[in-house]
Amino acid sequence: AMLFDPVVVTTSVSDTSFPDVAVGERVTFRSSFTVPSGGANTTFSVTVDAPGLVFLDSFVASYGGALSSSLSQGSVGVLSSSDRVLTFDFGEVVASSGSSALDRSVTFEYNVAVVIAASDGDTYGLSSMLN
């Protein structure tokens with residue numbers, strides 16, 4: 001499994017910056033990965049690390065032209081029953097041989113809302129994992 005940190009794309013309140021955010025604020029994150037040449041069995045998941053954040057929506061923002069799988073651009077993630085883990089299960093992904101890294105890349109975007117203010121010294125975060 002490969003772990004990486006999502007990148008903040010935008011927030012709905014201009015005078016804050018993540019992780020110092022306001023209750024009611026909407027934060028958009030982006031994560032990307034590149035499928036190895038030939039393909040892989042791929043599941044991408046995002047876990048909310050703090051109780052003050054909840055998922056609002058998610059989708060595959062871009063999907064390389066050299067890839068084929070059960071998901072594609074526009075596909076939405078599946079939220080766990082605990083509402084803490086968002087999963088995109090691509091199943092077996094096939095990447096055309098000799099294709100560029102750009103043509104084998106996948107980008108996700110997901111939005112969270114801040115529902116509980118952080119205490120002093122607390123930070124909000126997400127972690128992502130590619131299996």
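Colleague: Does Thr107 count as buried or exposed, and why?

Modeller: Buried means under 20% relative accessible area, exposed means over 50%, and partly exposed lies in between, with a 1.4 Å probe and protein chains only. Thr107 counts as buried because its relative accessibility is 12%. This is a predicted model, in which local features need pLDDT of at least 70 and side-chain atom pairs count only at pLDDT 80 or more, while totals for chains, interfaces and linings use all residues. Residues are numbered from 1 along each chain as its sequence is written, and side-chain values use heavy atoms, with hydrogens and water left out.

Colleague: Which residues is Thr107 in contact with, leaving aside its neighbours within four places in sequence?

Modeller: Contact means heavy atoms within 4.5 Å. With those neighbours left aside, Thr107 is in contact with Arg30, Ser31 and Ser32, and also with Phe59, Val60, Ala61 and Ser62.

Colleague: In which strand does Thr107 lie?

Modeller: Strands (E, at least two residues) and helices (H or I, at least four) are DSSP runs, numbered from the N terminus. Thr107 lies in strand β9, which covers residues 105-114. The chain has 10 strands and zero helices.

Colleague: What is the order of the strands in the open sheet of four?

Modeller: Two strands pair if DSSP finds at least two bridges between them. The open sheet has the order β2-β3-β9-β5, and its pairing is antiparallel. Its edge strands, β2 (7-11) and β5, each pair on one side only. From one strand to the next, the twist averages 25°; axes are lines fitted to C-alpha atoms, for helices over the stretch in contact, and angles run from 0 to 180 degrees between N-to-C directions.

Colleague: How many bridges join β2 and β3?

Modeller: β2 and strand β3 (residues 26-34) pair over four bridges in the antiparallel sense. Val8 stands opposite Phe29 in β3.

Colleague: Where is Val54 found, and why does Val54 count as partly exposed?

Modeller: Val54 is found in strand β5, residues 53-63. Val54 counts as partly exposed because its relative accessibility is 30%.

Colleague: What share of the chain counts as buried?

Modeller: Of the chain's 131 residues, 38% count as buried. As for contacts with a separation of 6 or more, 75% are accounted for by residues 24 or more positions apart.
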